[in-house]
Amino acid sequence: AERHHIEERLRLTQFVVDHAGEAIFLMTSEARFAYVNEAACRSLGYSRQELQAMTVHDIDPFSEIDSWPNLWKAVAEQTTIEIESLHRRKDGSLFPVEIRSTYIAFDGQVYNVAFVRDISERKQAERALREKEELFSTVFALAPAPMTISDPDTGRFIDVNDQWLRISGHTKEEAIGATAYELNLWDEPEV
């Protein structure tokens, strides 16, 4: 009964790993794939058999054969590392990934297990945010009206545009970090 229970738990564990949402790669010290789950196969467009006949260098354009021993050593020393890279699908297209790689020893063998997440959506969102920030900066700097950005808690200027500088007569160095009161932009409020 105990043996049957252990076998059932092992089957469940294997099923969970095989069907996990994140791509999982188990690699040898030679950069070969000892195991890949279904998510890894789907993300790259290869069958399990195809991937297990490949190496990390076949799917990661930044991974060089000469640098693999150094990466292996870094993972072994730090136990776990996180990096961003690109993966190449079977059709040749590239996509950004976040890799969390852990060094493990099992039954006299050492491995590197990598949990890989496609971060295409995050990279697109970051790019869109950067573009919006650049647009805002341009509009802010070139606005015909005087504009400031202030800390809501302290009232200290975080940024001022060129029109504000022209009208106020202050330099950017004087303005940043100061309050309107400190720059004598208006009289002291009556108490």
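Select W68 and W72 to begin: both are buried. This is a predicted model, by the way. The two residues sit four apart in helix α5, so about one helical turn separates them. W68 and W72 make an aromatic pair of the tilted kind, with 6.0 Å from centre to centre and 45° between the planes.

Next, show the whole of helix α5, residues 68-78. What does it pack on? Helix α5 lies on the sheet, where it touches β1 (23-27), β3, β4 and β5. Its direction makes about 145° with that of β3.

Time to colour the sheet. Five strands build it, and it is open, with antiparallel pairing and the order β2-β1-β5-β4-β3. At the edges you'll find β2 (33-36) and β3 (80-88), each pairing on one side only. From one strand to the next, the twist averages 30°.

Zoom in on β4 (residues 94-106) and β5 (residues 109-118), which run antiparallel to each other and pair over 10 bridges. Pick I104 here: which residue in β5 is its bridge partner? That's Y111.

Searching the whole structure turns up five aromatic pairs. One of them is F25 with F33: the centres are 5.2 Å apart and the planes are at 45°, so this pair counts as tilted. Are these two buried or exposed? F25 and F33 are both buried.

Technical notes. Residues are numbered from 1 along each chain as its sequence is written. This is a predicted model: local features need pLDDT of at least 70, side-chain atom pairs count only at pLDDT 80 or more; totals for chains, interfaces and linings use all residues. Side-chain values use heavy atoms; hydrogens and water are left out. Two strands pair if DSSP finds at least two bridges between them. Axes are lines fitted to C-alpha atoms, for helices over the stretch in contact, and angles run from 0 to 180 degrees between N-to-C directions. Contact means heavy atoms within 4.5 Å. Rings of Phe, Tyr and Trp (its six-membered ring) pair if their centres lie within 6.5 Å; planes under 30 degrees apart count as stacked, over 60 as edge-to-face and the rest as tilted. Buried means under 20% relative accessible area, exposed over 50%, partly exposed in between (1.4 Å probe, protein chains only).
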